[in-house]
Amino acid sequence: MAWVNRLATLTLVIGGLAPTGAFALDKVTFGTNWLAEAEHGGFYQAIVDGTYAKYGLDVTLLPGGPQVDREILLPSGKLDFYVGGNMLQAYSAVEQHVPIVVVAGFFQKEPQCILSHPGVGLDTFESLKTAPIFIGKEGLTSFYRWMVSQYGFSEDMVKPYTYNTAPFIADKKSAQQGYATSEPYAVETQGGFKPNVFLLADNGFSTYSTTIETRSDLVEKNPDLVQRFVDASAIGWYNYLYGDPAKANEAIKKDNPDITDKELGFARDTLKRDGIVDSGGSLQDGIGAMSDARQKDFFDKMVKAGVTSPDIDYKKSYTLQFVNKKVGLDLRPKN
């Protein structure tokens, strides 16, 4: 018997949470794109505080990692949902005719940033064009092309980034790519100084990040399950950011024993302070919000930068069917 009948659907719409005692939970397998970390905190929160269960879901979360590609399990049905990095992955799926679609954007801002040393003439985003800059291979073919197109950065200034902060720390006149939730902490602890942090999102790199991807057939055949997963995940994120994250952090550490409480605290504080999860469209429409206008803006920028082909039908890469419903807004602190 289906988990949701007419009465349960009405209860879900009116009350926000449907009773689950009389129904079997729908099993859902959810993969992330990296090791367990605070950037997945809302999803862990929804597991440990029972939110997914209240929405009739039995969620198994499978962390990714440097040698683990969970996304390839999505089209085959071995995963039901996957955390995407940003919209560029979704464009590639459309181009390669892979039947997956983005159903929510849980980060309004991608945490990708550029770091520089303070007080050496590199205290503005524009000034970074004069500095040697450590950029990884993936960055060089994606966001750095946008930096070249939008701001006039030069590939001649690029040095290879090997995800080691030591070269940047040693060269005070250099800059380095990073994630605002992690590399600044590494620089502070290893280099003994607080770097300048320039979020690309605050300078026009307008992609949604920590997207939720699923199969097109799941959207078509079981939209109720997709809706419940998106709604419960949004509530999980509100509770992780604005409630007590202790149990979620313990679950994260269980899946990733190498991460520390200080790292988790730094990352969560950054997510809140910089509005990475809750800003922009989410302030009115709820965490996970997306808009057609912003999707078009990012696609046009990527075409201009030569990152994405103009022939891609980018509108096939996402749907607004499951977002912008103001779910969880009452959980945000009023002050």
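Predicted model: local features only at pLDDT ≥ 70, side-chain atom pairs only at ≥ 80, totals over all residues.
Figure 1. Residues are numbered from 1 along each chain as its sequence is written, and side-chain values use heavy atoms, with hydrogens and water left out. His 117 is found in the loop between strand 5 and strand 6 (133–135), where helices (H or I, at least four residues) and strands (E, at least two) are DSSP runs numbered from the N terminus. With 4% relative accessibility, His 117 counts as buried; buried means under 20% relative accessible area, exposed over 50%, and partly exposed in between (1.4 Å probe, protein chains only). Not counting residues up to four places away in sequence, His 117 touches residues including Leu 122, Asp 123, Phe 193 and Asn 196, contact meaning heavy atoms within 4.5 Å.

**Figure 2. Close-up of Gln 108 in its loop.** Gln 108 lies between strand 4 (100–107) and strand 5 (112–116), in the loop that joins them, and with a relative accessible area of 2% it is buried. A polar atom of the Gln 108 side chain lies 3.4 Å from the backbone nitrogen of Gly 281. When residues up to four places away in sequence are not counted, Gln 108 touches, among others, Thr 207, Tyr 208, Gly 281 and Arg 294.

Figure 3. The structure holds 22 aromatic pairs, and rings of Phe, Tyr and Trp (its six-membered ring) pair if their centres lie within 6.5 Å, with planes under 30 degrees apart counted as stacked, over 60 as edge-to-face and the rest as tilted. One of these is the tilted pair of Tyr 161 and Tyr 163, at 4.8 Å centre to centre and with 45° between the planes. Tyr 161 counts as buried at 7% relative accessibility, whereas Tyr 163 counts as exposed at 56%. The ring centres of Tyr 185 and Phe 266 are 5.4 Å apart and their planes stand at 55°, so this pair is tilted. The pair links distant parts of the chain, with Tyr 185 in helix 8 (residues 183–191) and Phe 266 in helix 12 (residues 261–273), 81 residues apart. Phe 266 counts as buried, at 18% relative accessibility. Ring pairs also link a cluster that includes Tyr 91, Trp 146, Phe 205 and Tyr 314.

**Figure 4. Close-up of charges over rings.** The charged end of Arg 294 sits over the ring of Tyr 208, 4.1 Å from its centre, and the charged end of Arg 268 sits over the ring of Tyr 240, 5.8 Å from its centre. A charge sits over a ring if NZ of Lys or CZ of Arg is within 6 Å of the ring centre and within 35 degrees of the ring normal.

**Figure 5. Close-up of helix packing.** The axes of helix 10 (residues 223–242) and helix 12 come within 10 Å and cross at roughly 110°, which makes helix 10 roughly perpendicular to helix 12. Axes are lines fitted to C-alpha atoms, for helices over the stretch in contact, and angles run from 0 to 180 degrees between N-to-C directions; those under 35 degrees count as roughly parallel, over 145 as roughly antiparallel, 65 to 115 as roughly perpendicular and the rest as oblique. Residues of helix 10 including Trp 237 and Tyr 240 meet residues of helix 12 including Arg 268 and Leu 271. Helix 2 (residues 41–48) and helix 11 (residues 246–255) pack at about 110° with their axes 8 Å apart, and are therefore roughly perpendicular to each other.

Technical notes:
Polar contact = N/O pair within 3.5 Å; in protein donor to acceptor, adjacent residues only side chain to side chain.
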